[in-house]
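Dear colleague,

Please find below the structure that I am handing over to you. A summary of the findings follows it.

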Amino acid sequence: MEKLRNYIGGAFLEPSTGEYIDNYDPSTGEVYSLIPNSDDKDVEMAVEAAQKAFPLWSGMLAEERGNMIQKVADGIAARMDEFVAAESRDNGKPVSLARHVDIPRAVSNFSFFASAIKHFASESHYMEGVGFNYTTRKPIGIVGCISPWNLPLYLFTWKIAPALVSGNCVIAKPSEITPYTAYLLSDVCAKAGLPAGVLNIVHGLGQKAGEAMVVHPKVKAISFTGGTVTGEHIARTAAPMFKKLSLELGGKNPNIIFADCDFDKMLSTTMRSSFANQGQICLCGSRIFVERPIYEKFKEAFVAKTNALVVSNPTDEKAKMGAIVSKPHMEKVLSYIELAKEEGGIVLSGGTQVQMPAPYDKGYYLRPTIIENLPYTCRTNQEEIFGPVVTITPFDTEEEVLTMANSTKYGLSATVWTNHLQKAHRVADQLEAGIVWVNDWLVRDLRTPFGGVKASGVGREGGWEALRFFTEPKNIFIKQ
Ligand code: NDP
């Protein structure tokens, strides 16, 4: 069985514990590789390697670092098929999705920040007759990047790329559930000539390897994407050490559909925003609110399309949904469907596992699920399920839908469908969310601020926001 290795100080190393964790293929339920079960000793080695590399890496011109990171982007692009197959196998997502979204986006993350750092500038503030201030922006030092399993390489690189181009040395941990493309990335970095110790990838469990990164005094900043409960724990642990923190956490995003929208465009996009990546995207719209005049029309069309959606093994090019990432996660999603029924919900579509033919018969497949007849305050409508499960709810007024939309503890993203310009602005303005899409979903410009409000996180990623996070400003005053 293949054993993955940590990438520390430019070398491929076994975990100091000598222990490994099973890595499952969710499409078959079989173990197909082994992941290092790293602990604080591996993290310590990574910190030492990063410390050694820091003077060279931070001392390079931004342009040189950018050029090096572009080589990493090119290295992934050159091995596109290998990365696509690996991501799909590790996560259960359709190959077509990995090919069109995950891996191209990982390439873009590196090339975007490779270029962005060449355009990044610090500020100067002139005080007439007094003097002037100029602000320098230096790398922080050693930073930690921790990412989840839903968009494995996509989110891993979204953190690593800005951290590296800014001159930091990085210790990164992918989710232990989906480590494979991070492992391939270490090979790309080694072959691209990234200096040893600049990027260190430590595999293992969050509570062991991840925790060791968070508590290490020499790791000065943590960029974390994952669940709100984990985020809370990290914030509690890191805050007394005065670490810089960027937390991208959970969501329970509203999708608000007004009667005056472009119905066909809304319907096809709502299919994606509900069920893409098996509903396991933090930006998926899991609470769908539909203006009453089109509620029945929407319900009928949405249920028909959902019933026809192809759930299949990830290598099937016809698959619109593949496997859920893990057995525990599938069981969690199923338990929420049971909860919804207990809360009075009516399952209009799905609600069950899909029995696939061999060799996929032990895989983790769920039907896309639509539930109606639930109050907006119930647990099903308040807690993050993070699977292919949506609720639909009618509304009569803007005020009512805004109350429902803003009622959860989360505030990551929202979608609004209307052709009324002022209404679009009005509603977007009042939504408690870090990101609002009007008449589309998941359109991403990498320059824009990305992140949530309330329990969806602290800080923003993307563009200058990310480069600012990964640098420390210092203002210097010079008397005139
Ligand atoms: P988790 O919070 O369980 O894990 C995220 C990462 O943190 C994993 O690498 C995990 O390792 C690690 N981790 C767990 N415990 C600790 C710890 N004590 N110290 C340090 N690291 C730790 O999230 P999931 O992987 O289950 O991802 C799903 C969640 O991510 C959802 O809530 C989703 O909304 C959110 N998410 C948010 C996004 C955003 O941009 N706001 C984008 C995508 C997802 P391990 O896997 O080994 O436990």
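A salt bridge is taken here as a side-chain nitrogen of Lys or Arg within 4 Å of a carboxyl oxygen of Asp or Glu. Please note that this is a predicted model, in which local features need pLDDT of at least 70 and side-chain atom pairs count only at pLDDT 80 or more, while totals for chains, interfaces and linings use all residues. Residues are numbered from 1 along each chain as its sequence is written, and side-chain values use heavy atoms, with hydrogens and water left out.

Salt bridges

Across the whole structure, the search finds 22 salt bridges. One of them joins the side chains of R79 and D187, with N and O 2.9 Å apart. Because R79 lies in the loop between α2 and α3 and D187 in helix α6, this pair ties together parts that are 108 residues apart in sequence. Helices are DSSP runs of H or I with at least four residues, numbered from the N terminus. Both R79 and D187 are buried, where buried means under 20% relative accessible area, exposed over 50%, and partly exposed in between (1.4 Å probe, protein chains only). R79 and D187 also belong to a network of salt bridges that includes E82 and K191.

A salt bridge also links K93 to D102, at 2.6 Å from N to O, and these two residues are buried. In the pair D445 and R447, the closest N and O atoms are 2.7 Å apart. Here D445 is partly exposed, at 31% relative accessibility, and R447 is exposed, at 60%.

Helix α2

Helix α2 covers residues 62-78, which is 17 residues. The expected span of a helix is 1.5 Å times one less than its number of residues. For α2 this gives 24 Å, and the end C-alpha atoms are 24 Å apart, which agrees. The buried residues of α2 are R65, G66, M68, I69, V72, A73, G75 and I76. They pack against α1 (40-59), α3 (80-91), α4 (95-119), α5 (152-165) and α6 (180-192), contact meaning heavy atoms within 4.5 Å.

Cysteines

With a disulfide defined as a pair of cysteine sulfur atoms within 2.5 Å, the count is zero. The sulfur of C169 has its closest cysteine sulfur in C145, 12 Å away, which is too far for a bond. C169 is buried, at 0% relative accessibility. For C261, the closest cysteine sulfur is that of C284, at 19 Å, again too far for a bond. C261 counts as buried, at 10% relative accessibility.

With kind regards

Terms used
Helices (H or I, at least four residues) and strands (E, at least two) are DSSP runs, numbered from the N terminus.
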